[in-house]
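Subject: Structure handover

Hi,

Here is the structure I promised to pass on to you. My notes on what turned up in it follow below.

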Amino acid sequence: MTTTLPSTIKEVVKLLSLGYTTPNEICKQCIKRMKSLNELNAFITETHDVALRQAEISTRRITTSAKKPVGLLDGIPIAIKDNFNSYGIQTTCASRMLAGYIPPYNATVVNKLLDAGAVIVGKTNMDEFAMGCGSTDSYYGPVRNPWLYSRGENNQSADWRVAGGSSGGSAVAVATGMCFASIGSDTGGSTRLPAALCGVVGLKPSYGLVSRHGLIPLVNSLDVPGIFAQCVDDAAIILNTIAGHDHLDSTTVSDTFKNIELPDEIDISKFHIGIPKEYHVAGLSKDVLNAWRRAADQFENAGARVSEVSLPHTEYALPCYSVLSTCEIASNMARFDGIEYGHRADVSDSTDALYAASRHEAFNEVIRGRILAGNYFLLKANYEKYFMHAMKIRKLISEDFKNAFNSGINVLLTPTSLDEATIYKDFISKDSRTQTAELDVFTQAANLSGIPAISVPTCLSSNSLPVGLQLMGPLYKEKHLLTAAKWLEQQANAPRLNISEQFGL
């Protein structure tokens, strides 16, 4: 049996096929790592007993004389963001509002992973109801970025870095090897941003390619289940498992999804790479800018055509997103009233008083603020001025991307974030709107247009923190996007988090 924990799904599959290890052994090592790294607060609910039972079933399938795994994910430990319903397992959205809620059904994504033999090791921490970009607003405490993390008394000094959000727990779980892949959600960058700050791959598929059934909604028209993995090949394996039409989600595409297989040798000379000039914005760090330029040069030197392109309505993405997202948030959060769903305050004066008290006690300040803003934008006097105007801007942003891709561009190359991961105490000194404006500036437009996007780790900053770059492609052209991403990954060969050196594991 192997005594070291491999890094990628492909490596595990190879070891399992050769009989060098078993799902039981892999699962136990992941659980051991989860316990050792509990201080990072990556998980809200750890499902060790469930995972060990699932791993035992996988072991029997794989080690019997028949040796019939149900797929590439048979016996592979995977984590799920805590806003996906999971039958019999607490699902809280990191909020007091849903503390103790046990769903009676699985999200479609969870069912597909289980059907493929995946082992679910837990539900990951996040910003409350996915409203945030740092994973610092959870009812269960903030997620800590493992890079440059100091153990011991230093943990209380708040000198550690944020993990990015809202899917920070899912990113940290993969970066530290507590699992081999994880599921997040991406509404405005919530998969790509933490992936960039934690040094892993983060994929946001095209809207409608992966079912949202069972994903507790934040912004229905923007939400997409996302994927975290150590490498692009692993992200493709997960996508192949969870993508496709779902009769329980009318927004999923009806076309049959064809599995994506990525070649090891990639001829990038056939690609036309676009560099959006509007993404050269104030506040872009020197480290990120240098990584962006270096990647563009690598594409060009390898024979790809690299051209500057214009996405003229990019500057309106943030205000457009702010209006549309808060409007849908106000609608979605209305169900949590202390009567039918969620926390109920000990108030009996009146129904209105019960509503107000329950929501005040169970929602944090960020959520309450977005609900108020959304209801303001939806007032009859403001509807045309804000909501309808934002919808028109959204269409213009989508047209920008269509025009770029129709001109022959295969993939757009941009930064994922302005800078490396921020120190926690500096991050929380800013209000939520400022945090979003600084961190989601490059990611929200992809959600507004529905196109696929991926963040790939490329290098370390001058402070030895991960720097990720974003690639965006045409709608439902995931194979082209992942092919370019794998090529960039191969050229960059970015350092992974050294768990032994960082944590002594």
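Is Cys133 buried or exposed? Cys133 counts as buried, at 2% relative accessibility; here buried means under 20% relative accessible area, exposed over 50%, and partly exposed in between, with a 1.4 Å probe and protein chains only.

Before the rest, some housekeeping. This is a predicted model, in which local features need pLDDT of at least 70 and side-chain atom pairs count only at pLDDT 80 or more, while totals for chains, interfaces and linings use all residues. Residues are numbered from 1 along each chain as its sequence is written, and side-chain values use heavy atoms, with hydrogens and water left out.

Back to the cysteines. A search of the whole structure finds zero disulfides, a disulfide being a pair of cysteine sulfur atoms within 2.5 Å. For Cys133, the nearest cysteine sulfur is that of Cys198, 13 Å away.

Now the packing. The largest nonpolar core has 118 residues; such a core is a set of buried Ala, Val, Leu, Ile, Met, Phe, Trp, Tyr and Cys residues joined through side-chain atoms within 4.5 Å. Helix H9 (residues 317-333) gives the most to this core, with eight residues. Helices (H or I, at least four residues) and strands (E, at least two) are DSSP runs, numbered from the N terminus. Apart from this core lies another, of 41 residues, including Val143, Ala173, Met178 and Leu439. In soluble globular proteins, nonpolar side chains tend to be buried together.

Leu73 is one of the residues with the most contacts inside the largest core. Leaving aside residues up to four places away in sequence, Leu73 touches Ile9, Ile78 and Leu113, among others, where contact means heavy atoms within 4.5 Å. Leu113 is also one of the buried residues of H4. Those buried residues pack against E2, strand E4 (181-186), strand E6 (224-229) and helix H7 (232-242). After H4 comes Gly117, with a positive phi near 90°.

A few backbone spots may interest you too. Most residues other than glycine have a negative phi, and most peptide bonds are trans. Cys93 has a positive phi of about 55° although it is not a glycine; Cys93 sits in the loop between strand E2 (77-81) and helix H4 (108-115) and is buried, with a relative accessible area of 1%. Ser135 has a positive phi near 55°, lies in the loop between E3 and H5, and is buried at 0% relative accessible area. The loop between strand E3 (119-124) and helix H5 (168-175) also holds Ser166, and a cis peptide bond with omega of about 10° joins Gly165 and Ser166.

Finally, Ser36. Ser36 is found in helix H2 (residues 23-36) and counts as partly exposed, at 26% relative accessibility. Which residues does Ser36 touch, not counting residues up to four places away in sequence? Ser36 touches Arg151 and Leu505. A polar atom of the Ser36 side chain lies 3.0 Å from the backbone oxygen of Lys32.

Best wishes

Definitions and conventions
Polar contact = N/O pair within 3.5 Å; in protein donor to acceptor, adjacent residues only side chain to side chain.
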